[in-house]
Amino acid sequence: MCRLPGKHEDINLIWALLKAFWPWIVGAVLIDLLFVTVMLVPPLLLDRIIHFTSDDHYAWRGYLYAVLIFLTDFIGKLLSNNAVHLMILSGIQFQSSLMGALFRKNLAMANSARKDYDSGALMSLLTVDIERILWFTGQFSAVFSLPFKITLIIYMMWQYIGISSLAGVAVIGILFPLSYYVSRVGWKFSDKQMQVKDFRLKLMNEILNGIKILKLYAWEIPFAGRVSKARNDEIKWIRYSFFTYIVTNFIFFCAPLMVSIAAFATYLLTDRNNVLSPTKAFVTLTLMEQLRYALFELPDAVADLIQFSISLKRLRKYFSCENKDDKAVGNYPDRGEAVTVKEASFSWASDSDCVLKDINLHVPKGKLIAIIGPVGSGKSSLLSSLLGELYKRSGSVDLKGSIAYVPQVTWVLNRSLKSNILLVKHMIEEKYNKILDLCCLRTDLEILPAGDETEIGEKGVNLSGGQKLRVNLAQAVYQDKDIYLLDDPLSAVDVHVRKSLFSDVIGNSGLLKNK
């Protein structure tokens, strides 16, 4: 019994991203921390300027303080711009790497896992979750720099108004747990909204794929009702999530004013000798203004962090899905054979019954083999097993050479007809024209408005079923592979074309005679 591929262990996706792009991320965080430190120098210089206006008679000191304020602000803006540049750069790298990994995972995913991720769910991961991760990278350094900035400001306030600054800390200590609880509730609402969004995208995809049937049977109103219900459910969760966002923002917008009132009131009421001198008042107000901006930026960072965590969790679940068994198909068939299957049993999922049992198949090189049987007898499943799409429960499967597969459901790209046939191969005029003639596409080119440069619509909408099948066949033949697996390749063409395709392409005297 061959070992079935198990699920991947829970992967730490954020650690993988940090490990790959840590220089840009660490650089952005360090520069942002340096920017925060530099921008706290002007309040200290303001202290010196106020002292200069009252007690100092040396004019050059005033000019020096003014120049230093300008330089610190100038250097701070340079540091801020460089930090933003690095964060945007890392965000684009995150986006491109995750999109590439998403496509690669989709190709390697096992059929048992694929049923949980239809095209709607994949589009949601691609367009929503990865985009949210991109947005968060712009706030990534703020997660570290803002707490650092708030701590420094409170420490500096302590130097001017003493223990009274703890009153402001106490206000922050009360408001932050409240805002965190509200944010957690918003997190749950956002998670619900993403689930409803996946369902809506899946429904819209099914409607668009079957739009002809919907129009034919006049089902527009019932299906429009289902779409409206899904949209209303999604709007409901968006509304709940937005309410939590409003509450969180209200708390953070009120926090600076409440911190200022608490700090100054405590300072004045604790001791009658406490007087708000211009130095203490102006420097403390300047620090509180910076604290206000820090607290204003924090809700956006927290909101983006919540969305980032949800999207990261969804992507991690997708990447943890079971993969196909790479060792299901070997490369060592018997001598003189292209395909060798011995006592093999296959199933569509690891926990389902076998659909093919004890299969033995020996295909010599250069031979044409036809597998016939009634509908549902397992002909397409056998081809899928040779491609490694099914679970191999026992036995062995070996193929030697490159493979071209023409599926029962035609596959056409939204490109020109020529591009569909060539794919990644270079144009060889003689070979290309020969394949067009033998695949009976020459008469179709005369009908198409731009010949082989005619743009083929999405899913081959401007081609008939027979034309799409012949394009797929020409596409496979042009790739010049060693083994050709054709799944019902003559079903959508008439008798004359069928006879011509078999004799000129598929048969023992056709283009594929040595395959």
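**Salt bridges and helix packing in a predicted model**

E234 is buried, at a relative accessible area of 6% (buried, under 20%; exposed, over 50%; partly exposed, in between; 1.4 Å probe, protein chains only). R200 also counts as buried, at 16% relative accessibility. The two form a salt bridge, with the closest N and O atoms 2.5 Å apart (a side-chain nitrogen of Lys or Arg within 4 Å of a carboxyl oxygen of Asp or Glu). E234 lies in helix α9 (residues 220–270) and R200 in helix α7 (residues 165–209), so the pair ties together parts 34 residues apart in sequence. Helices are DSSP runs (H or I, at least four residues), numbered from the N terminus.

The model is predicted: local features need pLDDT of at least 70, side-chain atom pairs count only at pLDDT 80 or more, and totals for chains, interfaces and linings use all residues. Residues are numbered from 1 along each chain as its sequence is written, and side-chain values use heavy atoms, without hydrogens and water.

The whole structure contains 12 salt bridges. D129, D198 and R314 are linked in a network of them. R470 and D444 meet at 2.4 Å, N to O. R470 lies in helix α15 and D444 in helix α14, so this pair ties together parts 26 residues apart in sequence. Both R470 and D444 are buried. E453 and K418 also form a salt bridge, at 3.0 Å, N to O. E453 is partly exposed at 44% relative accessibility, and K418 is partly exposed at 22%.

Helix α13 (residues 429–438) buries Y432, I435, L436 and L438. Its buried residues pack against α12 (417–422), α14 (442–447), α15 (465–479) and α16 (495–506). Just after α13, C440 takes a positive phi of about 60°.

Conventions
Helices (H or I, at least four residues) and strands (E, at least two) are DSSP runs, numbered from the N terminus. Contact means heavy atoms within 4.5 Å.
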